[in-house]
Amino acid sequence: MELRGATALVTGANQGFGRQPAVELVTRGATVYAAARRPELIDIAGVRPLRLDITDPGSVEAAARTAPDVDLLVNNAASTEIGNLVTGDPDVVRRMLDTHFHGTLAMIRAFAPVLAGNGGGAVLNVPDELARHALDGIEAGEIEILDRQSAEAKTALSGPPHPFDPAAIAGS
């Protein structure tokens, strides 16, 4: 996929993980809808700010109507709350799942017809530290884009069986 001239929508683009892919895409010559719950906080030159709360189905549908030219969806909206799934506050866990799972899925479902109508495209679900690597892979036409640890795990799985050492991965 050629990113120069592409049109991307980046969720959570006002800070953290979402900001970096938006900046990187602008640098590569893409048109970028920078989406956030508070678009007034977006400070990236050259983007089109868009109000979006991925946990609100009406907001997601409105974004799909507002950005019908998207051919790359970058899901980066995140909840900064951390909760233990077993013992944590159920409301915190619910908000985490609403953002990281249900909201991301809602975006994919809302934009799948948009992407198809624009001749195809890509969906990228990735945090900040992998943004450049992932966008390089999309631009190169790679079907599967893996970080170093995932590539090593895949390689290990394709070879002869050997003992799994979780400490080795945690220490990487």
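## Overall fold

Helices are taken here as DSSP runs of H or I with at least four residues, numbered from the N terminus. In this predicted model, the protein chain has 6 helices and 5 strands, arranged along the sequence as β-α-β-β-α-β-α-β-α-α-α.

Of the 172 residues in the protein chain, 37% are buried. Among contacts with a separation of 6 or more, 57% join residues 24 or more positions apart.

## Helix α3

Helix α3 covers residues 90-117 and contains Thr99. Thr99 is buried, because its relative accessible area is 5%, below the 20% cut-off. Beyond its sequence neighbours up to four places away, Thr99 touches Arg37, Ile54, Thr55, Ala77, Ala78, Ser79 and Thr104.

Phe101 is also found in helix α3, but counts as partly exposed at 48% relative accessibility. Together with Leu97 and Leu105, Phe101 forms a nonpolar surface patch with about 270 Å² of accessible area.

## Nonpolar cores

The largest nonpolar core has 20 residues, and Val10, Leu25, Val32, Leu72, Leu135 and Ile138 have the most contacts inside it. Two or more residues come from each of β1 (7-10), α1 (16-27), β2 (31-36), β4 (72-75), β5 (122-125) and α4 (131-139). A second, separate core of 18 residues includes Ala35, Val60, Met107 and Leu115.

Ile138, from the largest core, is in contact with Met1, Leu3, Leu72, Ala122, Leu124 and Ile145, leaving aside neighbours within four places in sequence.

## Salt bridges

Side chains of opposite charge can pair when their charged atoms come close. The whole structure holds 9 salt bridges. One of them joins the side chains of Asp43 and Arg19, at 3.0 Å from N to O. Asp43 lies in the loop between β2 and β3 (48-51) and Arg19 in helix α1, so this pair ties together parts 24 residues apart in sequence. Asp43 is exposed, with a relative accessible area of 53%, whereas Arg19 is partly exposed at 30%.

Arg37, one of the residues touched by Thr99, meets Asp53 in a side-chain salt bridge of 3.3 Å, N to O. Arg37 sits in the loop between β2 and β3 and Asp53 in the loop between β3 and α2 (57-66), 16 residues apart. Both are partly exposed, Arg37 with a relative accessible area of 49% and Asp53 with 23%.

The side chains of Glu40 and Arg38 also form a salt bridge (3.0 Å, N to O), and Arg38 is partly exposed at 46% relative accessible area. Glu24, Arg28, Asp136 and Glu139 are linked in a salt-bridge network.

Notes: Residues numbered from 1 in each chain as written. Predicted model: local features only at pLDDT ≥ 70, side-chain atom pairs only at ≥ 80, totals over all residues. Heavy atoms only, no water. Buried < 20%, exposed > 50% of the residue type's maximum accessible area, 1.4 Å probe, protein only. Contact = heavy atoms within 4.5 Å. Patch = residues over 30% accessible without salt bridge, like charges linked within 9 Å, V, L, I, M, F, W, Y side chains within 5 Å. Areas by Shrake-Rupley, 256 points an atom, 1.4 Å probe, with all protein chains shown as cover. Salt bridge = Lys/Arg side-chain N within 4 Å of Asp/Glu carboxyl O. Core = buried A, V, L, I, M, F, W, Y, C linked by side-chain atoms within 4.5 Å.
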